[in-house]
Amino acid sequence: MTEQSEVKHVPEPFKSHYTLLPGVQEFHDSLSDSWSAMSKRPILNSSTIFPASIELQTIFSSYSGLNRSQDRSLPHQIDSSCICSVDIISAVEFDKTGDHLATGDRGGRVVLFERTDRRDNGGHRRHLEMMDCSSSLHPEFRYKTEFQSHDPEFDYLKSLEIDEKINKIKWCQTANSALFLLSTNDKTIKLWKVQEKKVKKICDVNVDPSKSMGNGSLGGSSVSTNCKTIANGGQIDNTFNHLSSDFSSSNGGIPSLRMPVVSSHETSPVARCRRLYAHAHDYNINSISNNSDGETFISADDLRINLWNLEISNQSFNIIDVKPANMEDLTEVITSAEFHPSCCNMLAYSSSKGLIRLIDLRQSALNDTHSKLFEEHEAPGSKSFFTDILASTSDVKFAKDGRYLFSRDYMTLKMWDINMDSGPIATFQVHEYLRPKLCDLYENDSIYDKFDCCLSGDGLRVATGSYSNIFRVFGCYEGSTEATTLEATKNPTRRQIHTPARPSRSFGTTPRVVKRDNSGADANGTAFDFTTKLLHLAWHPTENSIACAASNSLY
């Protein structure tokens, strides 16, 4: 797809409601220049992570530096600290092939990126040999399309405002070269179909150019009128009467009249909502997960988990309900749920108490009991005011083989063996240096932040985010002591901070990565910024590349 075609495919609602952030080429006053600026979206250069080298590059900053604004006038200078809340990215997800990346934001938008370095190579032998030999060739992603997935709503029965924020995005199986994905806000789940549609145009006139009128052909822009006035003041239009001599033949046929020719010169991605799954959750949806059978998925809120069929939008089955008869007896809520990657009858869900329950759907229709319970027992005398808050699990993920589970709470990342429920087999300290600052975190509500975790396709590493736009990468294979701290930044000239590490177990450095000391303080002893947090990230399913969402920027 050429840049020119991308310009034409920018959705109308997003053309004139943005202002530019500093450091990005400003919009011109005319609409054509505005479209030209949007066509210069930066190519998404994701980074390849190997034990010897890491490179992190900015792939999209505030959706190409665009920020929503109520005022259509575009100021020449905008405060860089002013970030519109609707532009903050709230979900990131690769598809199973890794060729497409989807992001959702608090404004209800879904933005799709497409990998471009595998296309348009023409199959040249030299290029294929370079790709086969070069291990440093980074994948490139380019903006594909965007659409408004959810809009703000109001529940009049409950007098409740429903935000348009995208909570989760999950890719579904493709069909007939069309992309399918699920997106959800607090109450409603939608199934979207994104497909390339050909733009049809009429490229030929109706008549043969050799058979033309005196002032131009029939398909021209101007046709002379030949009117005759009659006695009662009316007129008879004789414009096309003389065409009979041009088109008629001796046998009465019209050999020179031809049908218009319709041709398709370019394609445009079009998103269409295929299904809408609504009115099934009384509480806010926190997670959705596709089943390995490709036909069903689950959605979880604070107290219930529902099972859906992708083809049936008006009916769901409640499979887990933890709501007590008396709400005063409520002690925990559901925080995350995930299907097993290969067993369609198994799923796991986490709670605010830090418990993980493994469920077998074959046991009963309503799974009030669990097959296994994973819990880390507290050390005697270690309980404090913050214990219950810190224990709340914000995310749970299965490894690709389904043997291991990973759970993220506020301070740690835990690894579990589903065959051993006595405790986690490994615990990774994410930001232990924040423990003395728990009071401050509690005062500014940062202690309630929910961090995601993601696993590499080979299952050898796991990553999770922290504050000051940094994220941690841990080796989860047997005997590994790998623990690396990296910063998502768009400043490639920032000075690196060297941390001694074993060459075989450390990630190397490149100009676009700032390596921080594991103690959590930078070289100058500057306190970390708790307002900049890296909550959402996704690992490429087949390559060592990570997409990180920090505020309104994507790296």
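Reader: Which residues touch the most other members of the largest nonpolar core?

Author: In this predicted model, the largest nonpolar core has 16 residues, and those that touch the most other members are L390, Y410, L434, L438, L441, I447 and Y467. Two helices, α6 (387-391) and α7, each supply at least two residues of this core.

Reader: With which residues is L441 in contact, leaving aside its neighbours within four places in sequence?

Author: With those neighbours left aside, L441 is in contact with Y410, L434, S446, I447 and F530. There is also a second, separate core, which has 13 residues, A488, L537, I546 and C548 among them.

Reader: How should I read a pair of aromatic rings?

Author: A pair of aromatic rings is described by two things, the distance of the centres and the angle of the planes. In this structure the count comes to 16 aromatic pairs. One of them joins Y410 and F451, whose ring centres are 6.3 Å apart and whose planes stand at 55°, so this pair is tilted.

Reader: Where in the chain do Y410 and F451 lie?

Author: Y410 lies in the loop between β28 (404-408) and β29 (412-417), while F451 lies in the loop between α7 (438-443) and β31 (453-455), so the pair ties together parts that are 41 residues apart in sequence. Y410 has a relative accessible area of 3% and is buried, and F451, with a relative accessible area of 0%, is buried as well.

Reader: What angle do the planes of Y467 and F530 make, and how is that pair classed?

Author: The planes of Y467 and F530 are at 90° and the ring centres are 5.3 Å apart, so the pair is edge-to-face. Y467 is found in the loop between β32 (461-465) and β33 (470-475), and F530 in the loop between β35 (514-515) and β36 (536-539), so parts that are 63 residues apart in sequence are tied together by the pair. Y467 counts as buried at 0% relative accessibility, and F530 counts as buried at 15%.

Reader: Which residues do ring pairs link into a cluster?

Author: Ring pairs link F385, F386, Y442 and Y448 into a cluster.

Reader: Is D395 buried or exposed?

Author: D395, which lies in strand β27 (residues 395-398), is buried, with a relative accessible area of 2%. The side chain of D395 reaches the backbone nitrogen of C453 at 3.0 Å. Leaving aside its neighbours within four places in sequence, D395 is in contact with several residues, including S336, F406, R408 and F451.

How values were computed
Residues are numbered from 1 along each chain as its sequence is written. This is a predicted model: local features need pLDDT of at least 70, side-chain atom pairs count only at pLDDT 80 or more; totals for chains, interfaces and linings use all residues. Side-chain values use heavy atoms; hydrogens and water are left out. Rings of Phe, Tyr and Trp (its six-membered ring) pair if their centres lie within 6.5 Å; planes under 30 degrees apart count as stacked, over 60 as edge-to-face and the rest as tilted. Helices (H or I, at least four residues) and strands (E, at least two) are DSSP runs, numbered from the N terminus. Buried means under 20% relative accessible area, exposed over 50%, partly exposed in between (1.4 Å probe, protein chains only). A polar contact is a pair of N or O atoms within 3.5 Å; within protein, one must be able to donate a hydrogen and the other to accept it, and residues adjacent in sequence count only if both atoms are side-chain atoms. Contact means heavy atoms within 4.5 Å. A nonpolar core is a set of buried Ala, Val, Leu, Ile, Met, Phe, Trp, Tyr and Cys residues joined through side-chain atoms within 4.5 Å.
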